[in-house]
Amino acid sequence: MRKITAFWMVPSGFAVICLSLVVARAASENASPIYGVSLPEGYRDWRVITVAHEAGKNNDIRAILGNDVAVKAFREGTRPFPDGAVIARLAYVYKSSPENDAVFPAPQSFVAGDPTNVQISVKDSKKFADSGGWGYGQFENGVANQSEPLLKSCFACHTKLDRSKDFVFSHYSP
């Protein structure tokens, strides 16, 4: 009986190893290139730091959320941000709302439309030393954008900010 059990354990052990490798590979494939940033679990439940409207080419509306470390740093004005701070920017199409406008005397209501992307910034001063301590990721429909030029442009744009902002565009809106 033991030989039968041992015989069956080998294939099932092999299956567990294979499944683990498939899951690990899938997880790494859903991380941003260059930085290896992935979507943090539960980020949609984080607290609001601020909201923003980006006009021009993007013409989107954004909710900027932070984990507990980021929110504490924003509230206290701590710069540079401590390691472990994570900021999530959720972007949506910025569109007018005819339904809401029907209630008002003139067209004036704008709302979030379809989601466009989620951008994640992770502070780890050792891991991301070459990019001011920040790692970046962009996700569309929950899938990491694998464009290296796009991800390289993140830090290039953030470096244009005053150094006192620690490469972060957003400010805390109480």
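The structure is a predicted model, in which local features need pLDDT of at least 70 and side-chain atom pairs count only at pLDDT 80 or more, while totals for chains, interfaces and linings use all residues. Residues are numbered from 1 along each chain as its sequence is written, and side-chain values use heavy atoms, with hydrogens and water left out.

The protein chain contains four helices and six strands. Here helices (H or I, at least four residues) and strands (E, at least two) are DSSP runs, numbered from the N terminus. Read from the N terminus, the elements follow the order α-β-β-α-β-α-β-β-β-α. Of the 174 residues in the protein chain, 34% are buried; buried means under 20% relative accessible area, exposed over 50%, and partly exposed in between (1.4 Å probe, protein chains only). The chain exposes about 11,200 Å², of which carbon and sulfur atoms supply 59%. Accessible areas come from the Shrake-Rupley method with a 1.4 Å probe, and for residues only the protein chains shown count as cover. A contact means heavy atoms within 4.5 Å. Among contacts between residues at least 6 apart in sequence, 52% join residues at least 24 apart.

The six strands form an open sheet in the order S1-S2-S3-S4-S5-S6, with antiparallel pairing. S1 and strand S6 (143–144) stand at the edges with a single partner strand each, so one side of each is left without a neighbour in the sheet. Two strands are taken to pair if DSSP finds at least two bridges between them. S2 and S3 pair over seven bridges, and Gly-66 stands opposite Ile-87 in S3. The pairing of S3 with S4 comprises 10 bridges; Ala-91 has Asn-117 in S4 as its bridge partner. S4 and S5 are joined over six bridges, and the partner of Ile-120 in S5 is Gly-137.

Pockets were located on a 1 Å grid over the protein atoms alone: a pocket is an open set of points with protein on both sides within 12 Å along at least five of seven lines, whereas a cavity is a set of points where a 1.4 Å probe fits but cannot get out, and lining residues have an atom within 4 Å of a point. Grid points are joined across faces, edges and corners, and a volume is the space filled by probe spheres set on the points.

The largest pocket has a volume of about 770 Å³. Its lining consists of 30 residues, of which Arg-62, Arg-89, Gln-119, His-158 and Phe-169 lie nearest its centre. Strands S1 (47–54), S2 (60–66), S3 (86–96), S4 (110–123) and S5 (134–140), together with helix H4 (148–158), each give two or more residues to this lining. By class, the lining has 14 nonpolar, 12 polar and four charged residues; Ala, Val, Leu, Ile, Met, Phe, Trp, Tyr, Cys and Pro count as nonpolar, Asp, Glu, Lys and Arg as charged, and the others, Gly among them, as polar. His-158 lies in helix H4 and counts as buried because its relative accessibility is 15%. Leaving aside neighbours within four places in sequence, His-158 is in contact with Tyr-136, Phe-167, Val-168 and Phe-169.

The second largest pocket holds about 170 Å³ of space. It is lined by 14 residues, of which Tyr-43, Pro-115, Asn-117, Val-118 and Asn-141 lie nearest its centre. S4 gives the most to this lining, with four residues. The lining of the second largest pocket has eight nonpolar, four polar and two charged residues.
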